[in-house]
Each structure stands twice: as structure tokens, then as C-alpha cells.
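Colleague: I have a few minutes before the next meeting. Can you take me through this model?

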Amino acid sequence: RCLSLPWVSPKRLRGFPMKLELKRTECGKTCTIGELLVDGKHECWTLEDVVRSDGVKVYGETAIPAGTYQVDITYSPRFKRDLPLLIGVQNFIGIRIHPGNTASDTEGCILVGQGKGKNVILESRAAFAMLMGKLCSAKKRGEPITIEVGS
């Protein structure tokens, strides 16, 4: 009899690091909408603050720079729970992945949702729960996790 196990990418079974990829698809005046892939497969939609020119940063209203970052799961004193933390984001501190729906729910962090609309993402708690389950499983297996944020 088969046991019900959570889906695991074939790459996970071979010991590859978990790779998240954030593709920014809609850069607007109030927010940036994107798609988050896990090991090359669509996971959810994202919402970030506005992408600004290099060197321009408005505190709490600017998306992080494009680049590749290590991800760890650590305790967030602000949210009082474990959340994914992006490590080494230049000129930013405390960049997390967490639930939220609009630009007012983020101060540079990456929000996730199952659906999207104009300047909004939807069903963020459900999307976050699915993503967090995968990230926690990878961490328990000792796999490094990275996120590549596109421009």
C-alpha cells in the first residue's frame, strides 16, 4: 500500500539544492507582480514594492535588487513566527517571504498568492502554506535554498 507523501521534485531526490526563481512580469506605479517558480515549476504569484532605478531607494517602498540570494528559515521577531529570510540583499535588512495581498502589506519583502489581479495577489495564506511546506522539507533534508530574483 502506498503512503501519501508530499510531492517532491525529482531533483530533490538526487540531492540538488532547491532553487526558487522570481520572474517579475508586471512593473507598475504602486507594485510589482511576478511569478515564483520552484525548481522550474510555477508555484505561485508574487507581489513586491516598486522596482526602482539602481541606486534609488525609498524606505519601505522599493523592491530588492535583482540577484541570487541564499534563503534560510529563521524566527521573525516582527511576525513572531518562522519565515523565509533572504540573506545578503545589498542595502536591505530583514527581507522575508510572507503572506500579504497589496503593496501596503510589504516593506521590501516578497508576498505570495495563488491568484492575481490588478495591483493585488489573492489567497496569500494558502500559497504561503504550500511554499513554506516545501521550504521546510528542503531545510530538514539539509538542502541549500536559493532564490534568483529577475530584473
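Modeller: One term to start with: contact means heavy atoms within 4.5 Å. This is a predicted model, where local features need pLDDT of at least 70, side-chain atom pairs count only at pLDDT 80 or more, and totals for chains, interfaces and linings use all residues. Residues are numbered from 1 along each chain as its sequence is written, and side-chain values use heavy atoms, with hydrogens and water left out.

Colleague: Fine. Leaving aside neighbours within four places in sequence, what is Gly 100 in contact with?

Modeller: With that exclusion, Gly 100 is in contact with Asp 105, Leu 111, Val 112, Ile 121 and Ser 124.

Colleague: Where is the place of Gly 100?

Modeller: Gly 100 is in the loop between strand E6 (97–99) and strand E7 (110–113). Helices (H or I, at least four residues) and strands (E, at least two) are DSSP runs, numbered from the N terminus.

Colleague: Does Gly 100 count as buried or exposed, and why?

Modeller: Gly 100 counts as buried because its relative accessibility is 7%. Buried means under 20% relative accessible area, exposed over 50%, and partly exposed in between, with a 1.4 Å probe and protein chains only.

Colleague: Now the sheet. What order do the strands have?

Modeller: The order is E5-E4-E10-E1-E2-E3-E7-E6, an open sheet of eight strands with mixed pairing. Two strands pair if DSSP finds at least two bridges between them.

Colleague: Which strands stand at the edges?

Modeller: E5 and E6 do, each with a single partner strand, so one side of each has no neighbour in the sheet.

Colleague: In which sense do E2 and E3 pair?

Modeller: Antiparallel, over seven bridges. Gly 34 stands opposite Thr 46 in E3.

Colleague: And which strands does H2 lie across?

Modeller: H2 lies across E1, E2, E3, E4, E5, E6, E7 and E10, and runs at about 75° to E5. Axes here are lines fitted to C-alpha atoms, for helices over the stretch in contact, and angles run from 0 to 180 degrees between N-to-C directions.

Colleague: On to packing. Which residues touch the most other members of the largest nonpolar core?

Modeller: Leu 20, Ile 64, Leu 86 and Ile 147, out of 27 residues in that core. A nonpolar core is a set of buried Ala, Val, Leu, Ile, Met, Phe, Trp, Tyr and Cys residues joined through side-chain atoms within 4.5 Å.

Colleague: Where does the largest share of this core come from?

Modeller: From H2, with six residues. There is also a second, separate core of six residues, which includes Cys 31, Trp 45, Leu 47 and Ile 121.

Colleague: Charges over rings: what sits over the ring of Trp 45?

Modeller: The charged end of Lys 116, 4.5 Å from the ring centre. The charged end of Lys 57 sits over the ring of Phe 92, 4.0 Å from its centre. A charge sits over a ring if NZ of Lys or CZ of Arg is within 6 Å of the ring centre and within 35 degrees of the ring normal.

Colleague: Last topic, backbone. What is phi of Asn 91 near?

Modeller: Phi of Asn 91 is near 65°, positive in a residue other than glycine. Asn 91 is in the loop between E5 and E6, and is exposed, with a relative accessible area of 61%. Asp 39, also not a glycine, has a positive phi of about 50°. Asp 39 lies in the loop between E2 and strand E3 (41–48), and is buried, with a relative accessible area of 12%.
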